[in-house]
Amino acid sequence: MNHEEKVAAIAAQIRSRPRGSGPASLRKSAVSHFVPNPNDPKHGDRKIDVRALDQILELDIPARRCVVEPGVTFSDLVRATLAHRLVPKLVPELKTITVGGAIAGCSVESMSYRYGGFHDSCRSYELVTGTGEILRCSPGDNSLLFEMIHGSYGTLGILTRVEFDLIPAMPYVHMDYRRLRSFADFHSVMMKLCEEGRYDFIDGIIHGRDSFVLCLGQFTDRAPWTSDYKSLNIFYKSTATRRDDYPTTYDYFFRYDTECHWLTRSLPVPAMESLPMRLLLGKVLLGSTNILNWSRRLRPLLKHQKNVDVVVDVFIPEPRVKEFYGWYEATLDYFPLWIVPYRAPKVYPWIDEDHAKANSSAYFIDCAVYGKKNDVPGVDYHKLLEDKTRELGGIKTLISQNQYDEATFWKIYHRDNYDRAKRISDPDGMFRGLYEKFHPTAPGSR
Ligand SMILES: Cc1cc2nc3c(=O)[nH]c(=O)nc-3n(C[C@H](O)[C@H](O)[C@H](O)COP(=O)(O)OP(=O)(O)OC[C@H]3O[C@@H](n4cnc5c(N)ncnc54)[C@H](O)[C@@H]3O)c2cc1C
């Protein structure tokens, strides 16, 4: 089937759905990078099958431009573009995150300090709407929809084609690890380096109250040696001790994949960081796809567990991040904490204007909390993080537990713009609304 036939088949699936058959969600090939939730009503939805959308359609080397179907994984994409010494402007760290998921779910990574989120590198989208219409969206065509697809989590329609920019790359990355003594030093050096812009990659990892490491990377054509964190060695631990490193560019991008950051520690199988266990079970348990698949399979066992582990990214306005970190250390005290500076090139129209004003800088600092146990009676760390992030004018990604009441939610997200976009692309509510999708007990979410 060619691309046009695939898209026509998806539009036909939508148009042929019986009226009143309830909200729809997608059936993709790649594993979802959402925290599995057995109580999510989407499991009972009639699915729209988009598994065929997994091809790279065009790779225009001189124009540094690529066109893909949104089910393409970043691992496949990077392999194809690196062969021409090019890469996307944003490559999420887990191999099977897809282009569509990165746009709709707000992925960020160590090039975000320069280029923002993946959406910011996109030139146009093709979208199948909730009425089965096929629309082209770009800054000049259906511009509101083009902007609002970003961070819409599949609630405005189905992306079927994505056109985006590429940048030059080299085969290796030279990593330079800088250790700082305090959060204040870590923060000020990181921001100075972001402003200077001489590194290709900037992020950081806080290993504990006294161990702050900036991970600074630069493309290079030659490497005196190369490292390997795909099976026995553990990337995040290496950053606590090494001064520098030389992964291949492909391995750099997916450096966190083997442990799914450090979620191997949260698996019900103990000691997955030990050599014997890695030799014995590494093939079936290591790697983000394995880890997420196992969590999905095991989640029904935890159906009645109220407070699941905290796995979430929060984007904190840069001027407020010191305050956030002080609170975090006193309240969650969980490490490692992954830190990613993220320069949003514009105020996104999906953020409420008053909420957006709380960030007086162009930068957010993504603080990624992956695996904090939520087992203190009477305390819900998800809720505490949600409240603190909002208080500081930040944005919490919606990839796991969400507890906003509706009025509060729409003080963060831009209701008028969202409703206008929804009226254009999904007037009959084929897909859940943004609030209903992430608050399963809200009216209209079933
Ligand atoms: C454990 C964990 C670790 C993570 N680590 C990182 C990381 O290192 N770096 C990073 O950048 N991000 C990370 N994320 C966040 C991740 O980027 C987002 O969750 C992203 O949305 C996942 O995309 P996916 O391809 O897995 O899509 P899915 O999880 O399948 O979908 C994500 C959302 O996008 C929508 N969507 C998917 N495809 C389409 C489409 N074709 N059209 C319209 N909507 C669509 C879905 O409806 C859904 O709401 C992590 C998340 C988790 C849970």
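Biologist: Where is Y153 found?

Modeller: Y153 is found in the loop between helix 5 and strand 8; helices (H or I, at least four residues) and strands (E, at least two) are DSSP runs, numbered from the N terminus. Residues are numbered from 1 along each chain as its sequence is written. This is a predicted model, in which local features need pLDDT of at least 70, side-chain atom pairs count only at pLDDT 80 or more, and totals for chains, interfaces and linings use all residues.

Biologist: Why is Y153 called partly exposed?

Modeller: A residue is buried if 20 or more other C-beta atoms, placed from the backbone, lie within 10 Å of its own, exposed if 12 or fewer, and partly exposed in between. Y153 has 19 other C-beta atoms within 10 Å, and is therefore partly exposed. Its phi is near 50°, a positive value in a residue other than glycine.

Biologist: What makes C260 count as buried?

Modeller: C260 has 25 C-beta neighbours inside 10 Å, so it counts as buried. This residue lies in the loop between helix 8 (249-253) and helix 9 (275-285). Phi of C260 is also positive, near 50°, in a residue other than glycine.

Biologist: Why does I424 count as partly exposed?

Modeller: I424 counts as partly exposed because its C-beta neighbours inside 10 Å number 19. Its place is in helix 15 (residues 415-425).

Biologist: Why is D76 described as partly exposed?

Modeller: Around D76 there are 19 other C-beta atoms within 10 Å, so D76 is partly exposed. D76 belongs to helix 2 (residues 74-82). Its C-alpha atom is separated by 8.2 Å from that of K95, 19 residues apart along the chain.

Biologist: What joins F335 and P336?

Modeller: A cis peptide bond joins F335 and P336, with omega about 0°. P336 lies in the loop between helix 11 and strand 14 (337-343).

Biologist: At what angle do the axes of helix 6 and helix 11 cross, and which residues make the contact?

Modeller: The axes of helix 6 (residues 183-196) and helix 11 (residues 321-331) come within 11 Å and cross at roughly 145°. Axes here are lines fitted to C-alpha atoms, for helices over the stretch in contact, and angles run from 0 to 180 degrees between N-to-C directions. F183, A184 and H187 of helix 6 make the contact with V321, K322 and Y325 of helix 11; two residues are in contact if their C-beta atoms, placed from the backbone, lie within 7 Å. These residues divide into four nonpolar, one polar and one charged. For these classes, Ala, Val, Leu, Ile, Met, Phe, Trp, Tyr, Cys and Pro count as nonpolar, Asp, Glu, Lys and Arg as charged, and the others, Gly among them, as polar.

Biologist: Which residues come nearest to the ligand, and which element gives the most to the shell around it?

Modeller: G100, G101, G105, S107 and G154 come nearest, of the 31 residues around the ligand; a residue is near a molecule if its C-beta atom, placed from the backbone, lies within 6 Å of it. Helix 3 gives the most to this shell, with four residues. By class, the shell has 20 nonpolar, eight polar and three charged residues.
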